[in-house]
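Keep the viewer open and try each task before you read its solution.

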Number of protein chains: 4
Amino acid sequence: MIKVGIVGGTGYTGVELLRLLSQHPEVRIHAITSRKEAGMPVSDMYPSLRGHVDLAFVTPDDAGLTECDVVFFATPHGVAMAQARELLAAGVKVIDLAADFRLKDTAVFEQWYGMAHTCPDLLEEAVYGLPELNRDAIRGARVIGNPGCYPTSVQLGFAPLLRHKLIDPTHLIANCASGVSGAGRKAEVHTLMAEASDNFKAYGVKGHRHGPEINQQLRAIAGDDSVNCLFVPHLLPLIRGIHSTLYARLNDAGQAADLQATFEAFYQGERFVDVLPAGSAPETRSVRASNTVRIAVHRPQPDTVMVLVVEDNLTKGASGQAVQCMNLMCGLDEHLGLTGVPVLP
Amino acid sequence: MIKVGIVGGTGYTGVELLRLLSQHPEVRIHAITSRKEAGMPVSDMYPSLRGHVDLAFVTPDDAGLTECDVVFFATPHGVAMAQARELLAAGVKVIDLAADFRLKDTAVFEQWYGMAHTCPDLLEEAVYGLPELNRDAIRGARVIGNPGCYPTSVQLGFAPLLRHKLIDPTHLIANCASGVSGAGRKAEVHTLMAEASDNFKAYGVKGHRHGPEINQQLRAIAGDDSVNCLFVPHLLPLIRGIHSTLYARLNDAGQAADLQATFEAFYQGERFVDVLPAGSAPETRSVRASNTVRIAVHRPQPDTVMVLVVEDNLTKGASGQAVQCMNLMCGLDEHLGLTGVPVLP
Amino acid sequence: MIKVGIVGGTGYTGVELLRLLSQHPEVRIHAITSRKEAGMPVSDMYPSLRGHVDLAFVTPDDAGLTECDVVFFATPHGVAMAQARELLAAGVKVIDLAADFRLKDTAVFEQWYGMAHTCPDLLEEAVYGLPELNRDAIRGARVIGNPGCYPTSVQLGFAPLLRHKLIDPTHLIANCASGVSGAGRKAEVHTLMAEASDNFKAYGVKGHRHGPEINQQLRAIAGDDSVNCLFVPHLLPLIRGIHSTLYARLNDAGQAADLQATFEAFYQGERFVDVLPAGSAPETRSVRASNTVRIAVHRPQPDTVMVLVVEDNLTKGASGQAVQCMNLMCGLDEHLGLTGVPVLP
Amino acid sequence: MIKVGIVGGTGYTGVELLRLLSQHPEVRIHAITSRKEAGMPVSDMYPSLRGHVDLAFVTPDDAGLTECDVVFFATPHGVAMAQARELLAAGVKVIDLAADFRLKDTAVFEQWYGMAHTCPDLLEEAVYGLPELNRDAIRGARVIGNPGCYPTSVQLGFAPLLRHKLIDPTHLIANCASGVSGAGRKAEVHTLMAEASDNFKAYGVKGHRHGPEINQQLRAIAGDDSVNCLFVPHLLPLIRGIHSTLYARLNDAGQAADLQATFEAFYQGERFVDVLPAGSAPETRSVRASNTVRIAVHRPQPDTVMVLVVEDNLTKGASGQAVQCMNLMCGLDEHLGLTGVPVLP
């Protein structure tokens, strides 16, 4: 049994981790921390966990995190990099669901997250936790920067095209939309139900933190620094789900290629990436509460490719992917605890 | 033209007042105050008002409220009672959309609202602003306690039965449900879209502030202190709308009465109360964004009456009713500015 | 392994059965029938099942249902009673999710369902499939009438009070609300999203089919034919979830009783009934996609009891309960395949 | 007073016409037809209209449509072209909210709408009813093809850029999303609330009827047949609202231009087109139930322009625009009956 700790479990990625880990056959949840809610049974905050999780929140000091095999940080940006060193020294593997270990360039991190990076050495060591594109490195990693929700869908959608050099990489468009759980469980006016339901809008139009992450990763995937993706997020009036509509111009090779076959071959054998039949349009509900990404590839014009991607932002876009990384790091079957069927309707 | 001021216009009753008053043919909005947002154009906060309201928020000190004919308080509880005296002295009529002038018993007020009542003299003078049940007093009033959203629907539903003494008044049940706009535009976790949408629950199960208001008023309507109503609110996953399902045991007179005819006669000529044909079930959307209440009366068992009532909690349940009171107080046609057709779908 | 057939799997109870059974460790789905969709892979209709269910719909004739251990009918009313006899003769156990085997009085069935009952002998043998109240009979049953969604919540809420004779049984009120999936996957105007979302209303106000079922069962639970429950359903703008607010007058014994302790003792050891701590208000989302019912009991007035019950209408209210019955009938652990954690948020 | 007839008023564009026209100071609704619902009071179908519209549906034969000044067709495609000739002969102006008079090329019409065009002569005469881009022609028209909902937003968003030749016209992208009311009030499974709520997807990915309309009109606006726009619609889980995210590559002139100033100048004086301040992101709710379109223009990359457009698909996207055309055709103030403030929240 893997002994697991969760730092900062009061948010949505925290409760999703608890949902997944409490059903994982090889995991024992050792401790879950919250300074603010220390002493409160987890199931008082999340009645959905009554009968499934018997722990109470504890302060980080009382959590005995160094006794864990793996610690997840489901915390605001900046927490993991402050605590990772001590855990690693104790032989604990660290998976950060925030952004501390995603951006390789500390200047970019500091620009977008408004804080200095205090752990550049670990950052260098940290592995970007997108298993389908980075599986071997994750297996051997001590520190994982778990990908952002939007970047997961954008990378998986563009990867076959970039790896096979089928598109003009300089003018990619990622027109994306996310449910409100992506904004977290923070008391803010703009995500009140009376503000965000029955409504739709773009946001972050002057730039969004996931933009640099997307471009860093797409460049790595392509091995080409000229990759440039315009990322435009929108806020959907639903709770769980990300939908990305990706556009690119096909080069000559792309126009000659069988795009459907390319995608199917690229994701052959991947249990969590489902390439839909030609002509499909994936729905966010088809992956609700599951770790699966569904992808459809279209050529609406001879020189244009459009890729449609759906994921559950809390599962494959956050906590499910983190568990997938844990499985790899711990030598378990990658799919363990992650095979739940999506909830539809 | 009536010169109107609004104190505290950043919440939902504030924006609803602005929507209604900016279309009112006999009103000029003189000032709208917000200490926190002073200087910000109203339409920056509410883009729906672009082209309709050109004012900016001002501090109360700069608002020149004493020059107004009528001032609305769309503020937290406690603000109106602190400022009403000065305005009245200047000849300004005051309409409070909060609870300061609703509960006649200051001890009850202090118990439920957690603050001392600083204006008991004005409280005595204040008139409860439910025109269909209190029209004459409103016409002559200087201070209006605008009814709570739930109490409006419950009173209008029970009034014909209580006035005609057709029911056992001691065991009334008001099983009510409201959209989330009733909770206001406050940053709170429990009304986040990710918490309140796709969900339904009772709340305030240990007692809700509208309980004493309902009982005070039902007793006044019946002229009977034995009236006792159990009020149970529920939170609906929608923005605007209150639905009340009312139950009572019919006494002998009630069992002999033609309830449909009783309701139709009681509300004959009332433009904002629509008694539906026998057998109907009103929908909240049928009154969306309008000042209308729709009521259906049923006798599901020989000795039981059930009344179904819908209203828009922000219009007839708050700002529309306040404008209706203003019209009466200022000698205008009661319906002026309030005849908009409900928005469906 | 239990060999299972599903008749009529294109509706919401069908896809929910597939979600649950495809994850059940002791079940193999042998066939799923649909005359209309014969030949279509199930996952073409429900992409959420891609990778989990590889079957295609078959016609009933090709389904080999008599080879099954258990056959579920997720069909319109009237289908199961036409086919049950042949299956039983072949030694197959039958679980009907429609109403064919719920109402013991065929005259009542015919009045409410508008068709003659063609199987009165099997009806007599059939067992009402609510395990918490009827476990032993279910274990030995060959034919199950799976309870209606509303009746499940109403019975579990009133049962402790009726069994202990703590309330006046003659004037019970069940004020209930259901999400739209309860109406099934039928093309109808009133459940279109543009009609049913952002809206709330009572329906079935002249009488609803679950009314006679509720009264039949409450009388059986109480052993008292004077039991009379007024059942009023409402339509919620959400997909999954039933919330029942139950009211009754406490008799002297009830006023003297510790209601919280009574409920806790009554459901002691029941894995799918969670009695919440005193003062709670259960949320529908706390049981989303799970087989759990959560109950809170309140005494808002000295002589009045209010019970709040939530369930997922597709799981405990339909397919989950059917699987629970199957487990009992087949001698399996009652909870097998039903321990998934609710999906929140 | 203008005497108005409505053919086929049972759908959403019909009820929206009734909402607007019943509040229009210069209109009298003469008749509203429905073969299927003849005899039913309109307010029985739409209780929101109780007290505002007293008409009952009549058959087309009994409607006396030739006595009207203007007749609106809120019908399925194909109805208006069958009846227009007779009405025009009687001196009645015709406004078709369906597609019969939108596409100038009958071959294209027949390809996309699956029926022969029976009125090519009137088609030639018909005027495309987008007042901001076609006002003079509308003033003199006898027959109006009222624009599609999506095409309205796409045209208004691209028009300033195309007219001023600031973009490469050959690779425009219109990534659009609409609420479910756009699909009409038809009983269909895919727009059931249990299917369409809590969900998001692209649709019409193999081609959508509004694609050829968009391209025909953008070419006319630009005076350039090389214009080519890829149109991708998505289905939003809300009732009213269209959001279009438009992308184009700026040419040298475009890169040198002040785009914000260009848009502001282009729509100067237009009451129903609101160009938002630089840096804005319009919300669909900011135009809910109003005839206003809000537009924001962005240059996220030096050579890329992004335009964000919101409209209410039933108002400016359908019935409001039709009334705007009627006003122009009848010599009334263009804004009459269309100045209602958007409903927010």
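**Exercise 1. How many salt bridges does a search of the whole structure find, and what does one of them in chain A join?**

Solution. Over all chains of this predicted model, the search finds 72 salt bridges. One of them pairs A:E132 with A:K316, with 2.8 Å between the closest N and O atoms. Now place the two partners: A:E132 belongs to helix 6 (residues 131-139) of chain A and A:K316 to helix 12 (residues 315-329) of chain A, so this pair ties together parts that are 184 residues apart in sequence. Next, check the surroundings. Buried means under 20% relative accessible area. A:E132 has 10% and is therefore buried, and A:K316, with 0%, is buried too.

**Exercise 2. Stay in helix 6 of chain A and find where A:R139 and A:D136 lie relative to each other.**

Solution. Start with the distance: the side chains of A:R139 and A:D136 form a salt bridge at 3.2 Å, N to O. Both residues sit in helix 6 of chain A, three residues apart, which is about one turn of the helix. Then look at accessibility. A:R139 is partly exposed, at 44% relative accessible area, while A:D136 is exposed, at 61%.

**Exercise 3. Which parts of chain C does the pair C:E16 and C:R240 tie together, and are the two residues buried or exposed?**

Solution. First confirm the pairing: a salt bridge joins the side chains of C:E16 and C:R240 at 2.6 Å, N to O. C:E16 is in helix 1 (residues 12-21) of chain C, and C:R240 is in the loop between strand 9 and strand 10 of chain C, so the link spans parts that are 224 residues apart in sequence. As for the last point, C:E16 and C:R240 are both buried.

**Exercise 4. Describe the interface of chain C and chain B, from its area down to its salt bridges.**

Solution. Begin with the extent. In this interface, 43 residues of chain C contact 43 residues of chain B. The two chains bury about 3700 Å² between them, 54% of it on carbon and sulfur atoms. C:H171, C:D198 and C:F200 supply 16% of the area that chain C buries against chain B, more than any other three residues.

Then turn to the polar side. The interface holds 20 residue pairs in polar contact and six salt bridges. One salt bridge between these chains is C:R285 with B:E195, whose closest N and O atoms are 2.6 Å apart. Among the elements that give two or more residues to the chain C side are strand 7 (172-178), helix 8 (193-196) and strand 12 (293-301) of chain C. That side divides into 20 nonpolar, 14 polar and nine charged residues.

**Exercise 5. Where is C:H208, and which residues does it touch?**

Solution. Locate the residue: C:H208 is in the loop between strand 8 and helix 9 (210-222) of chain C. With 17% relative accessibility, C:H208 counts as buried. Leaving out residues up to four places away in sequence, C:H208 touches C:W112, C:Y150, C:Y203, C:F231 and C:P233. A polar atom of the C:H208 side chain also lies 2.9 Å from the backbone nitrogen of C:H210.

Methods. Residues are numbered from 1 along each chain as its sequence is written. Chains are lettered from A and ligands numbered from 1 in the order in which they are written. This is a predicted model: local features need pLDDT of at least 70, side-chain atom pairs count only at pLDDT 80 or more; totals for chains, interfaces and linings use all residues. Side-chain values use heavy atoms; hydrogens and water are left out. Contact means heavy atoms within 4.5 Å. Buried area is the accessible area (1.4 Å probe) that two parts lose on being put together, summed over both. A salt bridge is a side-chain nitrogen of Lys or Arg within 4 Å of a carboxyl oxygen of Asp or Glu. A polar contact is a pair of N or O atoms within 3.5 Å; within protein, one must be able to donate a hydrogen and the other to accept it, and residues adjacent in sequence count only if both atoms are side-chain atoms. Helices (H or I, at least four residues) and strands (E, at least two) are DSSP runs, numbered from the N terminus. Ala, Val, Leu, Ile, Met, Phe, Trp, Tyr, Cys and Pro count as nonpolar, Asp, Glu, Lys and Arg as charged, and the others, Gly among them, as polar. Buried means under 20% relative accessible area, exposed over 50%, partly exposed in between (1.4 Å probe, protein chains only).
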